[in-house]
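This report covers the spaces inside one protein model and the surroundings of its ligand. Please look at the structure first.

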Amino acid sequence: MENHRDVVVIGAGAAGLSAALVLTRARANVLVVEDGTPRNAQAAHMHGFVSRDGVDPAEFLEIGRREVVGYGAEFVHARVVDARSHADGGFVVTLDSGVMMTTRAVLDATGLTDELPDIAGVRELWGSAVHHCPHCHGHEVADRNLVVIGGQAPAMTLHQAALLRRYSDRVTLCPHDMDIQENERGRLEAFGVRIKDGTVARLRGDQGRLIGIELVDGTMVECEAAFIAPQPRPNDAILHALGCATVPDTGWVAVEGPGATSVPGVWACGNVVNPRAQVITAAGEASAAAIAITSWLLETDIEAAVERADTSTPRGRS
Ligand SMILES: Cc1cc2nc3c(=O)[nH]c(=O)nc-3n(C[C@H](O)[C@H](O)[C@H](O)COP(=O)(O)OP(=O)(O)OC[C@H]3O[C@@H](n4cnc5c(N)ncnc54)[C@H](O)[C@@H]3O)c2cc1C
């Protein structure tokens, strides 16, 4: 493997692939490092990406990989374990294989990890009958018995419960261990959401299908799909190793404009810096970041050329 690059892209989900496509088409020398754990791997279908609605997420990524490789980017299946500024400029990126790469720029597109609630059955049905996003999967479960399970993100839970009423008139909110204010309860009930108090013990399934939510007192709430609000944890260890500043309120790495972090030469886009990014949003943010990186590489090339010209031209000569 050639070990100096214009850009090392970390992660080959929608964001990393989209950036790599724009960068290689702009003739940058790009390495994409990918460890093969995209966030939506457990979903059979991907929705909301115009022209690709309903495709298998793995097929979507495979098409993207083929396009990027076709323009000359190199892929390596590995995990980036460290990245540091290089004393001579640029960065050193270390893979779990021990290989070290030098690069002028780093684009981090490592996504996020959904921290699932510790309820029996959630992990097994995650992505098939347990969802987090009505925009991604609400249409597919429309007019069915739906349950929203409360948890670590009350605002998102309340929004999910209300939003799902657009899809079904049989929506039940099980607050589980979440406190729910009287006014919030009133708003939801007025809007037709049933509220069933009590702690959730487990999800009951049958041959991979969800059939209900069992509460600790033994009550069964029948449903065919459940929605939860997992805690999003950014996969941002590499950005921290590089010294990128964070947003004080959230602790997430701060970006300005199209993905520029506080460290010149380090960009980040997609879910690693934006938990709300859908596949199409992550791809769009990454495309904009790649164009910004191309301009940044160009500027540094022009500055270097001017410096070389200045030192090789005797003063006073035009
Ligand atoms: C179950 C589920 C279903 C979803 N369905 C939809 C849907 O239908 N429509 C929609 O628009 N959105 C959907 N989403 C959201 C979607 O998954 C994200 O919007 C999208 O994955 C964000 O893309 P990304 O490139 O930022 O991150 P990811 O797709 O997660 O890609 C990040 C990549 O970085 C790699 N990586 C991480 N760390 C390293 C490292 N250190 N070294 C090397 N590689 C690394 C990972 O292997 C991963 O492939 C769904 C999410 C879930 C959880």
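The largest cavity is lined by Pro117, Ile149, Gly150, Gly151, Gln152, Ile228 and Ala229. A cavity here is a set of points, on a 1 Å grid over the protein atoms alone, where a 1.4 Å probe fits but cannot get out, and a lining residue has an atom within 4 Å of a point. The space in the largest cavity is about 40 Å³, where a volume is the space filled by probe spheres set on grid points joined across faces, edges and corners. There is 1 cavity of 30 Å³ or more.

This is a predicted model, in which local features need pLDDT of at least 70 and side-chain atom pairs count only at pLDDT 80 or more, while totals for chains, interfaces and linings use all residues. Residues are numbered from 1 along each chain as its sequence is written, and side-chain values use heavy atoms, without hydrogens and water.

The second largest pocket has a volume of about 260 Å³. A pocket is an open set of points with protein on both sides within 12 Å along at least five of seven lines. Its lining has 15 residues, with Ser18, Leu21, Phe60, Gly64 and Glu67 nearest the centre. Helix H1 (14-25), helix H2 (57-70) and helix H8 (279-312) each give two or more residues to this lining.

Around the ligand there are 35 residues, and Glu34, Asp35, Thr37, His47 and Ala277 are the closest; a residue counts if one of its heavy atoms lies within 4 Å. At least three residues of this shell come from each of domain 1 (4-114 + 232-312) and domain 2 (117-229), with bounds from an automatic or database domain assignment.

The table lists polar contacts (pairs of N or O atoms within 3.5 Å).

| Residue | Its N or O atom | Distance to a ligand oxygen atom |
|---|---|---|
| Asp35 | side chain | 2.4 Å |
| Thr37 | backbone | 2.7 Å |
| Arg39 | backbone | 3.0 Å |

The protein covers 97% of the 990 Å² of accessible area that the ligand has on its own, by the Shrake-Rupley method with a 1.4 Å probe.

Definitions and conventions
Helices (H or I, at least four residues) and strands (E, at least two) are DSSP runs, numbered from the N terminus. A polar contact is a pair of N or O atoms within 3.5 Å; within protein, one must be able to donate a hydrogen and the other to accept it, and residues adjacent in sequence count only if both atoms are side-chain atoms.
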